[in-house]
Every structure is written in C-alpha cells, then in structure tokens.
Protein chains: 2
Amino acid sequence: MGNGNRSLSRWEVLKRDYCLDCRVFSVMRKRFRHPVRRQESDFFVLDAPAWVNVIAVTGDLRLVLVRQFRYGTEDFSLEIPGGMADSGEDPVKAGMRELREETGYVGRTATEIGVVHPNPAIQNNRCHLVLIEGARKEKEIDWDSHEELETVILDVEEAFSLAREGGITHSLVIDAFFFFLPHWERIRDGDGG
Amino acid sequence: MGNGNRSLSRWEVLKRDYCLDCRVFSVMRKRFRHPVRRQESDFFVLDAPAWVNVIAVTGDLRLVLVRQFRYGTEDFSLEIPGGMADSGEDPVKAGMRELREETGYVGRTATEIGVVHPNPAIQNNRCHLVLIEGARKEKEIDWDSHEELETVILDVEEAFSLAREGGITHSLVIDAFFFFLPHWERIRDGDGG
C-alpha cells in the first residue's frame, strides 16, 4: 500500500568530500541530486568501518558481557563484546578476535546471526552480529590505556530482563538480543549445539 | 564476576569544543582525563537531539512502516516512522507527531515502551521507542522537498520475519521490535488494549 501513484526516487551522488577525521570514523559531506526535481542538497554522513558485536554463550549457558566507560554518554555501559573489523577482516573472525581481546574468552563455534545498519540516515556501515557458543575463559586480559573493560557473566534470561528494564541500553546490543532470541530457544531446549 | 580487584574509572571531562555543524547533529571534541593515571585524551562525539521511533499498530493489528531513500547507505530503507524530538518536546508527543507527519496516521493510545542509546561510544543522545495503538489514516500526506516517504502496511509477524531475513536493517527499528515483542503477545492474544 503506497502513496497513490508516486514512486520514491533514488538520489544521485555528485561528490563526497571528507570534512573531519574523528579517528574511529570520518565525517563526509555528500552532495546529492534528486533525479526528477534536479534539486541539489548536501548531507553529512559518518564513514566508518564494519562493526561487529558478539553474543558469547558459555558452556553452562550464560552470557559474556563487558562493562566500560563510554565517552559519548559520559557514563558506564553494560554491553556485549564488540568493536571494529579490520580492513578486509571476515566479520565472524573479527567477532572471535574482539571477544578474546576484550574478555579473554574463546569459543567452540562462531556464526553470523544478523547484520544491521547502525544508522542508514547518517552512517554508511554495517554491524555484524555474531553468535559464539561454548565460550570459555582462556586467559586473563590486560586493560589497555584507553580500554578498561570489566567482564560480567549473566544468565541469558537475566540479560534479556535487564535490557527490557533499561539496564542495557546500547542499541546494537538490543539488536543482537533480537536476533539471538530464536537461537537461544534452540540452545536452551538443548539440541546439544 | 569482575577482573580481579581492579575497578573501572569514570573519566573526567575537561572541555567540550564544537568542531562541525552537520545540521541534524554536531561533532564535538571532548577532552577527558583518567582520574587515576592522569592521562588525557581527545574523543569525538556526535551531539544530537533525542530521537523517537514509533511502532504504530492499526485496528486490524497491522504495522505502519515507511520506505525512504537514506543518504548514509545511499539506498532505500524500510523502517518504522520516527525522527527528532523538538527541544523540550515530550517523546511520546514527538512520536505521535512524527507518525502523523510521515504517514498521515493517528492513534488512539501512545506509550513509551523503551529507551536506548543509539551509540554510547560516539553519541550522547537517546532514542525513545513509542507504541501507538489503534492507528488509523486521518489524511493523505504531502512529501516535502527532502522527505519522500512511502507508507507500507505489513502484518506484524511479517515485519518480524522480514527483519530476521535482512529486509529491515535499521538498528533502531530492530530495537523497537525487541521492546514491542511482549506487548505484541498481549495485543495479539486480544486483551482489547
């Protein structure tokens, strides 16, 4: 059911200029032209690498989370492990690497369970959601100078409840929970997977 | 379960400088100092108003969505209605306004069902998720010069399936679906709400 007989137009990109390097992303100004009205407009967009977020389930069916200080909100945030994929890095491998680097946990199996756009309006990148099962702690981790990460282990249902009550608020973590739900039903009901 | 006896530090904000006005957000450079190590570092953060996203359910229990061209991904995106709250505007009222402006639909009841941080690492704002029930089309809408929005009505389960299959990818829409799930079970099972 659409709006009468009008159809959406795909704007043409005339040029992309880099405005500001913000380390983990760059700000780009893109000039677009509407194909029918010929109207031109500038829009600012964040150019960022692929991101990855990891649902890591331990052998006793608990979830591996991390708590850290976040510079955007200037507050602590309870999240699942994740970060940026290196250039050309397979998202599933990036997820395994981030889990290991941030928590010292390694898994038995790792699969991609979803892909989202963090914000199609102002960002060009994707976030890959990776499920790692059979996670176990392999080593203690050292906090680096910018990243202090506290590992937090929660029952899965407890993590879901915490999210619904406002204790976990990062949008990409909630996304991972949405995609994880059907997998969790399988795991919880014991397919041995 | 934490990392030994270390505890996370809350970085102090020394200053905030505005770097770039990008219309729907601004880029801010914040200087932080670690309270223990005294180390100082700059981080770039997007300063943005509160956002709002709306789950609008019609009287015959279908979902009101919008399809539009997105400048970040340079592609069309199927989403739920939403936008920015005006300064001081109540999020639920902002949700009702965005629904009406983008689709011409108005609802019978509106409540906030969740609040997320779009990205605590690089953004300071929240996105409010609003459920509007009893939605019905009140008027035809006019597309403005920057927003061409096609209204799409889907069965709720169909929208969930589409999200799980990659047909709906906006992270904040997936968040709204996560928070909507328990409400949907109530609505679907007919409490008359």
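Which order do the strands of the open sheet of three strands in chain B have? The order is 1-2-3, with antiparallel pairing.

1. Basis of the note. This is a predicted model: local features need pLDDT of at least 70 and side-chain atom pairs count only at pLDDT 80 or more, while totals for chains, interfaces and linings use all residues. Residues are numbered from 1 along each chain as its sequence is written, and chains are lettered from A and ligands numbered from 1 in the order in which they are written.

2. Chain A overall. Chain A has three helices and eleven strands (DSSP runs numbered from the N terminus, H or I of at least four residues for helices and E of at least two for strands). From the N terminus, the elements follow the order β-β-β-β-β-β-β-α-β-β-β-β-α-α. The C-alpha trace of chain A spans about 60 × 45 × 35 Å along its principal axes. Of its 193 residues, 41% count as buried (20 or more other C-beta atoms within 10 Å of the residue's own, with C-beta atoms placed from the backbone). Among contacts in chain A between residues at least 6 apart in sequence, 61% join residues at least 24 apart; a contact requires C-beta atoms, placed from the backbone, within 7 Å.

3. The interface. In all, 61 residues of chain A are in contact with 61 residues of chain B. On the side of chain A that touches chain B, the elements that each supply at least two residues are strands 1 (12–21), 2 (26–33), 3 (40–47), 5 (62–70), 6 (75–79), 9 (109–116) and 11 (150–155), together with helix 3 (171–188). Helix 3 of chain A gives the largest share, seven residues. By class, this side has 31 nonpolar, 20 polar and ten charged residues (Ala, Val, Leu, Ile, Met, Phe, Trp, Tyr, Cys and Pro are nonpolar, Asp, Glu, Lys and Arg charged, and the others, Gly among them, polar).

4. Helix 3 against helix 3. The axes of helix 3 of chain A and helix 3 (residues 171–188) of chain B come within 8 Å and cross at roughly 55 degrees; axes are lines fitted to C-alpha atoms, for helices over the stretch in contact, and angles run from 0 to 180 degrees between N-to-C directions. That angle makes the two helices oblique to each other, the class left over after under 35 degrees (roughly parallel), over 145 (roughly antiparallel) and 65 to 115 (roughly perpendicular).

5. Strand 2 (residues 26–33) and strand 3 of chain B pair in the antiparallel sense over eight bridges (pairing needs at least two DSSP bridges). Arg31(B) has Asp42(B) in strand 3 as its bridge partner.

6. Strand 5 of chain B. Six bridges join strand 5 (residues 62–70) of chain B to the antiparallel strand 11 (residues 150–155) of chain B, with Val64(B) partnered by Ile153(B). Strand 5 of chain B also pairs with strand 6 (residues 75–79) of chain B, antiparallel and over five bridges, and Phe69(B) stands opposite Phe76(B). Strands 5 and 6 of chain B form a hairpin with four residues between them, and Glu74(B) in the turn has a positive phi of about 55 degrees.

Notes
Contact = placed C-beta atoms within 7 Å. Buried ≥ 20, exposed ≤ 12 C-beta atoms within 10 Å, placed from the backbone.
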